[in-house]
Amino acid sequence: MNAVITLTTDFGLADSYVATMKGVILGINPDVTLVDISHTVSPQDIHDAAFILSTACDYFPPRTIHLVVTDPGVGTNRRAVILRTPVYDFVAPDNGVLSFVLEPFIDRMDKNGRAGLRSVTGMKACTIEEPRYWRTPVSPTFHGRDIFAPVAAHLSLGVPPDAFGKPVDSLQTFTLPHPSSLPDGVISAEILHVDGFGNLVVGIKASDLPEDTTKLTIEVGGVIIRGLTSTYGTSEGLLALIGSSDYLEIALKNGNAAAVLGLQVGDNVIIRC
Amino acid sequence: MNAVITLTTDFGLADSYVATMKGVILGINPDVTLVDISHTVSPQDIHDAAFILSTACDYFPPRTIHLVVTDPGVGTNRRAVILRTPVYDFVAPDNGVLSFVLEPFIDRMDKNGRAGLRSVTGMKACTIEEPRYWRTPVSPTFHGRDIFAPVAAHLSLGVPPDAFGKPVDSLQTFTLPHPSSLPDGVISAEILHVDGFGNLVVGIKASDLPEDTTKLTIEVGGVIIRGLTSTYGTSEGLLALIGSSDYLEIALKNGNAAAVLGLQVGDNVIIRC
Amino acid sequence: MNAVITLTTDFGLADSYVATMKGVILGINPDVTLVDISHTVSPQDIHDAAFILSTACDYFPPRTIHLVVTDPGVGTNRRAVILRTPVYDFVAPDNGVLSFVLEPFIDRMDKNGRAGLRSVTGMKACTIEEPRYWRTPVSPTFHGRDIFAPVAAHLSLGVPPDAFGKPVDSLQTFTLPHPSSLPDGVISAEILHVDGFGNLVVGIKASDLPEDTTKLTIEVGGVIIRGLTSTYGTSEGLLALIGSSDYLEIALKNGNAAAVLGLQVGDNVIIRC
C-alpha cells in the first residue's frame, strides 16, 4: 500500500519521540511514506496544532492519513478518534485539535464544546478503543507511540475506521476566532498564527473582504496600512496581502513584522472597508 | 532491499551534513527508508547521543540499521565499528556512543572503559577497516559522509559485518549512571536527560522501585514530591511518574519542570521508599 | 520513477510550508524520495542558500532534482528556471541562488549580474512559464508550493526541461567571494559560512594554498594560527584545517570558534604562505 501518513506533534526535534512513532509505523506498514508537517507546535498548544494542520492537510494526495498528537490530556479520560472525511483520514485525540479541519463538516457546537457532525457522504468518525491494534503495554504518557501510531499504520493497510472503535456523531471543538462586524463597515479580527518569517496570519479570509480592496485600511499594533499588495516584494515596509492559505496577512518586506510590531497570536486587527 | 536506516547525529539542522550522508546512502541503496532519530544532540556529547539512541532504537522493525555519528575523535585513531545484535545493526564510532544499547550484551568493563561482549547467538562486532566500502577520498573530518554512511548503505544491501573489517570482542563504553542504595531505604539517582518539554528523565527504572509506590517521596531541586502519578494530566503542579521509556520522570503539568527547578543532566535526585 | 528530489528553503521548521510542497509533489509522483537539505537558511538570504546547496548537491545520485526556494522576489517579475547540468537538475528562482553551483558552467558575468552559460554537453537552462505544470490558482506569495514543487515533480516523471518554458543562455548570479592575492605571499579571504558547530568556513580551497602548508599562518579575529592540522581532534584550542567541502576551516576543539572569536559571515581572514 503506497499510503502517505503525515505527522503533526508538539514533541520537538531534539528527542526521539517522533522517531519512535515512525519506527512503530514502519514495523506495521513498511511501504508507507512518512511526511513531517511540524513537530515544533508550542507544547500543549491545541490551537496552534489545529491551525498548522489545517494549513497543510489539503495539499496532500487523497486518502492521506493525517496523524496529530498534541495531547496534554494523554492517559486521562479524553477520547481518541479517527475522522474520515470524503478526502482524508485524521487520527488524533478528541481534544479540539481537529477544530479547523472540522469546520466544513459540523453543524453547531453545544455548551460543552462538542460539535455535531453533519451527514456527509463518505464521512464518519469513530473512537479508538480496540486494543488489538495497539502496541502493548500502552504507556499512559505516550499514546502517540503506543496507540495513535499503530492505529494510523493499520488504517494505512486498509483496516476500516469502525474496526478501531464505535461510531461517534460529535467531536470536541473550540470556537474558531471568526471576524466580527462592527458599525460603519469596520471588521475586527484576531491574529491566528505568527509564522517563522514573522508574518502575522489574521483570522479573516479573502471571501470576507469586499471585492474592491483598494480602499481598505488595516490598523494593527498602532500602525495603519492602506490597501492590499499582492506579494511580499512589491511594496516597501509593512504591507498587507492575502496569504497562501487565503487568510489576510501582515508582513514586512525582508523583515519580521511580528518583532517590529510587538504582536502575537490573539492580538486584535481592525479592518475598515 | 526494503531496509530502514536511522540517523542520530550532533550535526544540527542548519547545515547540509545530514543531507550529504543521505545522498551518499541513496546512491548505494536507492530503496532504503531513512528515518531521523535526532540531529540536535549537543555537539560532541557522546552521553546524550547514547541515551537518545537507546530510547528510540527498540521501536524500529527488526534488522533496522542504526547509524550514529557523534564523533569528536573523527580522523584520530579511535576505531569505527559495526555491532550486530540479535535484532538490530549499529554503525558508529567506537567511542562509547553505544553504551546504553550495549548494556544487555556486556559482561564487565576494564580500567580503560572497554567492555567485553557476551557470547550471544546472532551477535557480533567488527571494526570498519575495509576501504572498498568507503567513499573516496575520505575527508579526515567527515567520516559520517565518507565511511559510516556508505558502510550502513552496503550493510543494508546484505553485505555481512565481517566483510567490513575484523571481529572484535570488546567495545568502548562509559559507566552508566546507575542508582545507588543508601541506608534506610534511600536511593540516589541522577538526571539522565532533559526532554524538550522540560521533563527530567531520572536514571532509575520502574523495576528498581518498590511495587508499592504510594509511600515514595522524591526530593529533587529542594522540592518533595509524594507518590507517583500515572499521567502528565492527572495531577497539578510538579509530579513524578514512570515515563514512556520506563525511567522515573519529573514533570510539571502544562509546564517546564527543568526551567522551574533549575536542574540539568547529572543533577541528583533522592528517592525514599 | 525512483527519483530523488531534495529541498532547500528558508521556510523554517515550525510552519507547514515545507510539508505543503511535499504534499503537492507526492500528489504528482507518489514514488519520489524526498530529502531535506536545509530549511533554516536565514530568511531571504540567497547567499546562504546558494552556499548550503553547493555543499550538498554533489553527494546525491546522478539525476537528483535539487529544488531551491529562497525567494524574496516571489510574485514579482523575477524569473523561475530549470537548470540541467550533466549530472543534476535544479529548479529555482533566477535570483542568484544557483551561483555556487553554476561556477563551473559560466563564462563571465555582465554588469547586471547575469552570467552566460557555457556550451557544455548535456546542459541546458529553461524558464518556467508553462502553467499546465502548475498548481492553480497560483498564490502570488507561495510559488514554492504552486510552481516550483509541481514543476520538480513533473520533471521527476521525465518531462523534459524545455516543456516547461523557453531556453535561456544566461542566469542571474552574484560574485563569489574569491580569495585575493596581496603582496609578499599574503592572501585575503572571507568567511563564507558559520556552521552549527561554530566552525568558520573560509572562501579559499585547498587548491588555492601552497602544497607545503607547514609554514602557513592564518590571522583571524586577531588570533594567529600556525600551520594546518588534519582533524578536529588532533590539536588543542583554535585550529585550521581543510574541511570536508575542501574549504579552509577555522575550528575550536570541542568548542565554538565563531562564538569565541566573535566572527561572522563576510569577516576577513589573512593567510600568509
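Trainee: How many residues does the contact take from chain C and from chain B?

Mentor: The model under discussion is predicted. Contact here means heavy atoms within 4.5 Å. The contact between these two chains takes 28 residues from chain B, and from chain C it takes 31 residues.

Trainee: Which residues of chain C lose the most area to chain B?

Mentor: Chain C and chain B bury about 2300 Å² between them, and 59% of this area is on carbon and sulfur atoms. On the side of chain C, three residues together account for 30% of what that side buries. Those that lose the most area are Tyr59(C), Phe197(C) and Ser244(C).

Trainee: How many salt bridges and how many residue pairs in polar contact lie between chain C and chain B?

Mentor: A salt bridge requires a side-chain nitrogen of Lys or Arg within 4 Å of a carboxyl oxygen of Asp or Glu. Across the interface of chain C and chain B, the rule finds 0 salt bridges. For polar contact, with both residues at pLDDT 80 or more, the count is 10 residue pairs.

Trainee: Which element of chain C supplies the largest share of the side that touches chain B?

Mentor: At least two residues of that side come from each of strand 2 (33-38), helix 2 (46-56), strand 11 (186-194) and strand 15 (238-242) of chain C. The residues of the side divide into 14 nonpolar, 15 polar and 2 charged. The largest share amounts to 5 residues, and the element that supplies it is strand 2 of chain C.

Trainee: Which residues of chain A lose the most area to chain C?

Mentor: In this interface, 31 residues of chain A are in contact with 28 residues of chain C. The two chains bury about 2300 Å² between them, 59% of it on carbon and sulfur atoms. On the side of chain A, 30% of what is buried belongs together to the residues that lose the most area, Tyr59(A), Phe197(A) and Ser244(A).

Trainee: Why does the pair of Phe51(C) and Tyr247(C) tie together separate parts of chain C, and how many residues apart are they in sequence?

Mentor: The structure holds 27 aromatic pairs over all chains. In the pair of Phe51(C) and Tyr247(C), the ring centres are 5.6 Å apart and the planes stand at 50°, so the pair is tilted. Because Phe51(C) lies in helix 2 and Tyr247(C) in strand 16 (residues 247-252) of chain C, the parts tied together are apart in sequence by 196 residues.

Trainee: How far apart are the closest N and O atoms of Asp162(A) and Lys124(A)?

Mentor: Over all chains, the count comes to 36 salt bridges. Asp162(A) forms a salt bridge with Lys124(A), and the closest N and O atoms are apart by 3.5 Å.

Trainee: Where in chain A do Asp162(A) and Lys124(A) lie?

Mentor: The pair ties together parts that are 38 residues apart in sequence. Asp162(A) lies in the loop between helix 4 (143-156) and strand 9 (170-172) of chain A, and Lys124(A) lies in strand 8 (residues 124-127) of chain A.

Note on methods. Residues numbered from 1 in each chain as written. Chains lettered and ligands numbered in written order. Predicted model: local features only at pLDDT ≥ 70, side-chain atom pairs only at ≥ 80, totals over all residues. Heavy atoms only, no water. Buried area = accessible area lost by both parts, 1.4 Å probe. Polar contact = N/O pair within 3.5 Å; in protein donor to acceptor, adjacent residues only side chain to side chain. Helix = DSSP H or I, 4+ residues; strand = E, 2+ residues; numbered from the N terminus. Nonpolar A, V, L, I, M, F, W, Y, C, P; charged D, E, K, R; others polar. Phe/Tyr/Trp six-rings, centres within 6.5 Å; stacked < 30°, edge-to-face > 60°.
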